[in-house]
Amino acid sequence: MNEATGEGLPGPHLFDHSPWNYWTDADDDDRQRQQQIQLALRKDNDSYRFGEDCFVSRLAAVQNERLVLGPRSYVAAGAYLTGTLDAGRDCTINAYTVVRGTIELGDAVRIGAHTSLLAFNHGFDDPDTEVFRQPLTSQGIRVGNDVWIGSHVVVLDGITIGDGAVIGAGSVVTKDIPAAVVVGGNPARVLRRRGAGSSTPVTGGTDLVGAVAAFADTARSQAEDILARCFAPDEEDGLFVDAPGGEPTVRAQCDAIEIADLLLGHAPGLLSADRQRERLQSWQDRDTGLVSPLGPGSSHLPYGKAPFSNETSYHILCVGYALDLLGSTFPNPLRNVGTMSAADVTTALGALPWHEEPWHSGAWVDTLGTAFLWNRRHGLTGQSGAVEALLGWLLTHADPRTGLWGKESAVDGFLLPVNGFYRASRGTFAQFGLPVPYPERVIDTVLEHSRDIRYTRPDRQTACNILDIAHPLWLTRTTGHRTEETVNLARRLLTDALGRWVDGQGFAFKAQHPSTRSARETQPGLQGTEMWLAIIWYLSDLAGISDALGYRPRGVHRPEPATPLI
């Protein structure tokens with residue numbers, strides 16, 4: 001008997017073509033044979049994982065490099081599977097379905113017979129080379145939760161299908177599908193929204209306008225409770241923590257000020273604005289201009305003269321903008337930045353690990369640009385040509401193909417270059433009101449990155465990753481480049497974001513997912529709330545409905561320049 005294929009076992013059985021009968025009708029012998037099939041598959045490939053009560057037909061061609069099936073999922077006879085497939089619970093791959101390439105299925109995805117999910121393409125640009133000799137490309141297909149894909153459907157590479165969507169039989173899906181809609185045709189188009197009745201089409205975004213307005217009303221009504229939940233009072237007035245049970249941090253004080261400004265239009269009411277302003281200013285080191293982390297335990301003073309680090313560098317942004325929202329600024333300039341010459345700047349930029357660590361490099365640029373900003377508020381323009389050297393180096397070192405600094409990684413794709421672009425451009429071109437060097441190429445690259453299901457699937461999203469997509473795509477406002485695609489993506493991501501709100505607690509930084517290791521990141525808190533509020537504004541503005549929110553970021557994530565240079 002061939003254990004991998006089931007050869008030598010009794011002839012074709014009802015379960016191979018109708019696996020849904022397996023759980024009610026299979027006897028002990030049937031279950032034993034199924035265990036043998038799964039054991040043989042795992043023996044040949046140790047990356048295969050089968051949840052409880054899975055069924056894989058012996059008549060299916062399972063040739064994946066990686067295969068994960070959640071509990072009660074099945075693969076029927078004649079199905080052809082290659083590449084990598086990660087499927088949640090209760091998923092069905094029915095008879096003669098083709099699932100090829102990098103594909104992720106959420107929970108309860110039902111795929112009808114003779115359907116094809118094709119997550120790859122042949123190149124064909126060179127007419128002098130036979131198509132089969134040209135390179136393959138693959139962006140992946142992402143399917144959300146509770147999706148029904150009918151029979152004889154074709155889903156092309158790079159497509160994302162939102163939660164709750166229904167794809168009519170015979171459809172050819174060539175564009176992303178929003179959540180909770182019914183689509184059909186070739187090419188597939190939205191016919192109506194689920195639950196709204198067959199006579200109610202999806203038009204003009206009015207549903208999303210209502211959802212955005214309702215969210216904003218809810219957030220404003222709960223803002224004081226969210227801030228109070230994260231406030232730890234004591235004999236020294238008290239400090240904010242990111243989430244209950246945590247230690248006070250500098251950033252938590254700033255996030256509270258940003259949230260209150262967005263939703264309430266004033267400083268958090270738990271302390272006077274004057275007291276919050278005085279405390280933030282007192283934490284700046286007079287000699288260096290830096291703000292160190294708070295001391296351990298109950299100490300409310302910065303923890304010595306900490307070395308320049310990711311945490312202290314971000315304090316230049318968050319404390320500076322929190323003070324700005326409170327009508328003030330740092331009491332002291334940032335000394336080291338004020339002494340940098342143009343040569344110092346270009347040397348430092350050239351030494352950054354742009355290819356290995358583009359996010360780290362972009363964050364360093366963000367810090368430097370923002371330090372220049374606050375020094376200018378003191379009337380200190382720095383050494384002659386220093387700011388110009390920063391902007392000039394970035395202009396001349398952007399990749400004309402992608403618009404970014406740094407290269408795509410074979411492991412992470414465009415994640416770190418895109419995230420690094422946001423940080424570097426935020427603290428320079430956006431902050432000073434200047435155009436980036438290759439805006440249309442940036443949009444192209446970010447849209448390509450947004451199709452990477454590892455980062456944009458709802459249960460994989462983090463505030464950083466989505467903000468770093470939304471902010472660069474705001475370039476469509478000035479270029480008009482690929483506006484329709486950007487709007488469609490913004491609407492989908494906006495729908496995901498609105499669903500993350502936890503009543504009375506706000507937003508968590510990161511979605512719940514089995515790979516999540518940090519409970520802190522998935523607990524609603526001030527950092528997640530501050531970032532997602534800004535993200536929702538950007539996505540709403542890209543979708544043309546930000547007026548329904550009734551707020552506009554004025555702090556770290558502000559869309560307008562802080563100090564135009566020209």
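**Briefing: fold, surface and helix α5**

Among contacts in the protein (heavy atoms within 4.5 Å) between residues at least 6 apart in sequence, 52% join residues at least 24 apart. This is a predicted model, in which local features need pLDDT of at least 70, side-chain atom pairs count only at pLDDT 80 or more, and totals for chains, interfaces and linings use all residues. Residues are numbered from 1 along each chain as its sequence is written, and side-chain values use heavy atoms, with hydrogens and water left out.

**Overall form**
- The protein has 18 helices and 21 strands, taken as DSSP runs numbered from the N terminus (helices H or I, at least four residues; strands E, at least two).
- The C-alpha trace spans about 85 × 60 × 50 Å along its principal axes.

**Burial and surface**
- Of the 566 residues, 53% count as buried, meaning under 20% relative accessible area (1.4 Å probe, protein chains only).
- The protein exposes about 24,000 Å², of which carbon and sulfur atoms supply 51%; the areas come from the Shrake-Rupley method with a 1.4 Å probe.

**Helix α5**
- Helix α5 covers residues 250-263, and its end C-alpha atoms are 21 Å apart, in agreement with the 20 Å that its 14 residues should span at 1.5 Å a residue; the expected span is 1.5 Å times one less than the number of residues.
- α5 is mostly covered, with 14 of its 14 residues buried.

Methods
Buried means under 20% relative accessible area, exposed over 50%, partly exposed in between (1.4 Å probe, protein chains only).
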